[in-house]
Amino acid sequence: MLRASLEDAAVQNNPHTTLITATAPVSPDTHGGRTKCLQRLVRLDLPVPRTVGLSFEAVYRIARGEMPDMALLLSPFEQGELLCVRPSSGDPDWGGPSAILNIGMNNARFDDFAQRLGKETAASLYARFVHSYSLRVARLDPDVFDEIGVEGEASLNAALRAYEEETDEPFPQDPAVQLAEVLRSMARAWDGTSARLLRQGKGAPADAGLGLVVQSMALGFGEGECGSGVLQLIDRETGLEQLTGRYLSQSQGRDALEGGSKALFLERDARGPSLEELAPDAFRSLIEIAQLMRLKLREEMQVEFVIENGRVHILDGVRVSRTSRAAVRSVVRLAEDKIITRQEALLRVPPSALNELLHRQVDRSVSNDLIGRGVAASPGAATGKVVFTAADAQAAAARGESCVLVRRETSPEDIRGMHAAKAVLTERGGMTSHAAVIGRGIGLPCVVGATEMRFQMRKKLLTVSDGRTFKEGDVITVDGTHGEVLSGSVPMLEATLDDAFQTLLSWADDERDIGIRANADTPADAQTAKMFLAQGIGLCRTEHMFFEDDRLTVMREMIFAESSEDRSAALKRLLPVQRADFTELFRTMAGLPVCLRLLDPPLHEFLPSDHAGHRALAEALDIPLSDVTRRVEALSEYNPMLGMRGVRLGIKVPEIYDMQVRAIFEAAISVTTPEMPIVPEIMIPLVSAKREVELVKMRVDIVAAAVRAETGVDFDYKLGVMVETPRAALRAEDIAESTSFLSFGTNDLTQMTYGLSRDDAGRFMSEYVAQGVFAEDPFHTLDVDGVGELLILGAKRGRMARPGLTLSMCGEHGGNPESIAFCRAAGFDYVSCSPFRVPVARLAAAQLAILDKLG
């Protein structure tokens with residue numbers, strides 16, 4: 001009658017204390033994932049011990065002292081049956097209090113088990129429960145019980161005495177009292193401040209609920225083959241089909257479930273006996289159950305089981321905890337086996353998880369020596385000797401040594417050193433600082449804004465918060481995925497771009513409805529972009545081609561030229577190398593669109609900043625040092641990022657843009673074939689007025705006409721604008737009249753809209769986000785309310801003037817899933833991001849398209 005009343009109450013008007021049957025009213029949203037999974041196992045008619053589920057609401061009430069009817073709760077279970085309580089949160093990753101086993105163990109049950117199993121086994125069962133109850137329910141001093149074992153009758157008697165001495169009362173004998181106290185303890189543990197903060201750090205909402213399951217204990221003790229274990233059909237590290245797990249016979253104890261040194265192997269193995277040998281029928285049954293769970297639950301599952309006298313009991317089934325690389329491989333195989341659809345497979349992999357496959361990662365299962373933190377600016381990890389200059393990085397690379405380039409902040413002068421280094425660490429900077437952008441572009445692990453560390457560049461010392469110093473040549477590891485700096489060399493997980501990765505992304509390309517291009521500055525970058533199947537280059541920062549030694553000297557000669565004729569003469573020497581770069585770029589991309597931004601940075605970036613550099617430049621150019629000093633001073637600006645750069649430089653010194661567009665056109669002609677026509681896209685940076693575009697367009701048309709006349713070859717090109725000033729967005733209708741495309745450079749647009757230096761904001765941005773000033777770092781996630789409104793206005797007004805105007809985003813936000821969602825909604829044609837973020841963007845775009853179709 002009591003069992004019937006429990007089921008009736010659960011179904012009709014009290015779903016908070018529910019016997020888990022095939023039709024019980026439970027869901028992940030009310031009772032948690034474990035409870036719902038157990039119901040699914042019951043529906044599959046698997047041998048699941050009798051289970052009662054407590055809802056989120058019931059556990060919430062328990063935490064506040066409102067206990068359920070314990071007689072009703074215990075009514076489904078046999079008299080004297082041992083129980084366990086397990087957590088059931090909404091998401092397994094959110095964790096929860098650990099399970100408590102053997103509830104109901106008391107003096108009477110001890111006598112009963114002693115007769116059936118022997119005193120030592122019975123005493124060990126009882127002692128383990130007393131130990132667990134004392135520490136995790138009664139919250140007694142762990143030091144008292146650390147010296148008391150959990151094996152045998154002596155340990156049991158010591159544990160019972162210790163409990164009574166600490167609480168001034170005997171160990172509780174009533175199973176209902178024991179269970180009530182366990183439920184209260186677990187409910188309050190979930191509700192505690194530290195537990196709440198911990199799960200919020202894993203992405204759980206502040207009001208995430210906890211369910212609890214009360215289950216009959218299948219003990220795994222008896223005369224026949226008995227034991228316990230876990231089993232899964234894939235390797236959690238690789239995702240390959242492989243039977244893994246552990247089995248422990250009754251003689252080895254119940255508490256080593258996850259596999260200790262004495263664990264038996266599942267299959268036949270030379271290292272010891274196996275479940276396959278000890279209980280072949282149970283072994284075959286478990287394999288069939290695991291395969292059935294995979295098929296019906298549509299997931300790779302880990303099976304927790306107990307064998308009692310040769311009979312299998314299934315205690316739980318949880319999704320296999322696995323690495324990102326294993327997750328990709330497993331969902332692809334599930335789709336190929338027709339268990340889930342390709343769309344479901346795509347939705348099951350978070351885009352950010354692909355970083356683990358694209359880059360080497362620190363093995364976080366191993367404890368490492370953390371010495372500093374900063375902004376996780378470019379994913380991946382690398383180990384090397386500390387160097388403090390780009391020249392030293394190049395020298396280390398020449399010697400075949402791995403190094404980490406440590407700078408206060410990087411500049412274009414450091415690019416060669418960055419290419420030589422294995423990782424970069426800077427004191428200053430944020431997500432769109434020079435080091436971050438270049439690092440992501442070339443796949444270089446990078447941590448910026450490490451302000452807790454002291455950078456002593458002259459002394460070539462790096463001092464960490466605990467006072468330790470690292471000098472040049474000391475070994476450190478930079479973890480750009482998590483923004484951490486570690487001492488010494490640490491274990492790594494290698495990148496894995498296997499067939500499953502390629503298959504998943506090919507499915508993504510079939511689903512997505514927005515283009516994905518790459519930001520690529522060199523032919524090597526373009527090769528990486530092509531490898532990741534970018535649909536072209538959305539931004540090539542042509543200035544990066546000028547920082548090679550031989551080109552930099554010529555560039556400096558041009559800067560020091562006194563007349564237009566002298567500037568043109570110097571630039572004529574740069575023309576062949578610039579043309580060669582563009583030729584290789586076009587050839588690498590094999591007819592895919594290539595958007596080339598004309599020179600953007602101020603000229604002072606091409607000049608040395610210290611006295612030694614000035615002397616070297618004077619010697620190289622064979623001019624007096626005073627002339628170098630005066631020229632450097634003349635080019636200096638109070639705020640160079642808002643000074644003579646971009647289109648302003650192109651109008652002031654038009655010879656530079658003339659040379660660049662000539663190189664572009666001549667390169668395009670040299671590569672074009674009837675089968676592979678090249679239509680270069682030329683982008684003007686930092687525009688804020690229609691007249692700027694008209695002036696540059698006039699010069700571009702003149703050069704185009706000259707090249708056509710000289711070569712006798714006709715060709716097409718597109719001229720567009722990089723929208724990175726608020727005024728350009730607001731006046732897009734005027735600007736679009738002279739352009740084929742608008743590409744929103746959200747790095748500078750965010751900087752100018754907020755009035756924030758993207759290189760310096762990292763010093764206070766984390767505090768701003770923590771205090772709720774900004775919901776997210778606007779240089780990391782697009783500010784849709786402010787900057788986003790400028791994008792929408794610019795897009796709308798641009799297409800009012802030219803309905804067929806191509807719209808894109810080429811700032812670093814282009815690889816961010818939230819920003820891609822915004823661009824899709826705003827009707828953009830494509831986004832462009834760093835080459836190593838292209839796979840992330842492809843998957844994110846596919847997921848957005850699928851979710852739209854699903855409504």
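Which Phe and Tyr residues form one aromatic cluster? Phe 110, Tyr 126, Phe 129, Tyr 133, Tyr 163 and Phe 171 do. Before we look around them, a word on the basis: this is a predicted model, in which local features need pLDDT of at least 70 and side-chain atom pairs count only at pLDDT 80 or more, while totals for chains, interfaces and linings use all residues. Residues are numbered from 1 along each chain as its sequence is written, and side-chain values use heavy atoms, with hydrogens and water left out.

**Aromatic pairs and charges over rings**

A search of the whole structure finds 15 aromatic pairs. Here, rings of Phe, Tyr and Trp (its six-membered ring) pair if their centres lie within 6.5 Å; planes under 30 degrees apart count as stacked, over 60 as edge-to-face and the rest as tilted. Two of the pairs are set out below.

| Pair | Type | Centre to centre | Between the planes |
|---|---|---|---|
| Tyr 133 and Phe 171 | edge-to-face | 5.2 Å | 70° |
| Tyr 754 and Phe 774 | edge-to-face | 5.1 Å | 80° |

The pair of Tyr 133 and Phe 171 links distant parts of the chain, 38 residues apart: Tyr 133 belongs to helix H7 (residues 119–136), and Phe 171 to the loop between helix H9 (152–167) and H10. Helices (H or I, at least four residues) and strands (E, at least two) are DSSP runs, numbered from the N terminus. Tyr 133 counts as buried because its relative accessibility is 3%, and Phe 171 is buried too, at 5%. For these labels, buried means under 20% relative accessible area, exposed over 50%, and partly exposed in between (1.4 Å probe, protein chains only).

At 27% relative accessibility, Tyr 754 is partly exposed, whereas Phe 774, at 16%, is buried.

Rings also meet charges here. The charged end of Arg 109 sits over the ring of Phe 113, 4.8 Å from its centre, and that of Arg 517 over the ring of Tyr 830, 3.9 Å from its centre. The test asks for NZ of Lys or CZ of Arg within 6 Å of the ring centre and within 35 degrees of the ring normal.

**The sheet and its helices**

Five strands form an open, antiparallel sheet in the order S1-S2-S5-S3-S4. Its edge strands, S1 (17–19) and S4 (100–103), each pair on one side only. Two strands pair if DSSP finds at least two bridges between them; seven bridges join S3 (residues 83–89) to S5 (residues 210–216). Within that pairing, Ser 89 stands opposite Leu 210 in S5.

Helix H4 (residues 56–63) lies across S2 (51–54), S3 and S5, running at about 95° to S5. Helix H10 (residues 175–191) lies across S2, S3, S4 and S5, at about 20° to S3. Contact means heavy atoms within 4.5 Å. Axes are lines fitted to C-alpha atoms, for helices over the stretch in contact, and angles run from 0 to 180 degrees between N-to-C directions.

**A covered helix**

Helix H14 (residues 324–336) is mostly covered, with twelve of its 13 residues buried. Among them are Arg 325, Arg 329 and Arg 333. Lys 338, which follows H14, has a positive phi, near 65°.
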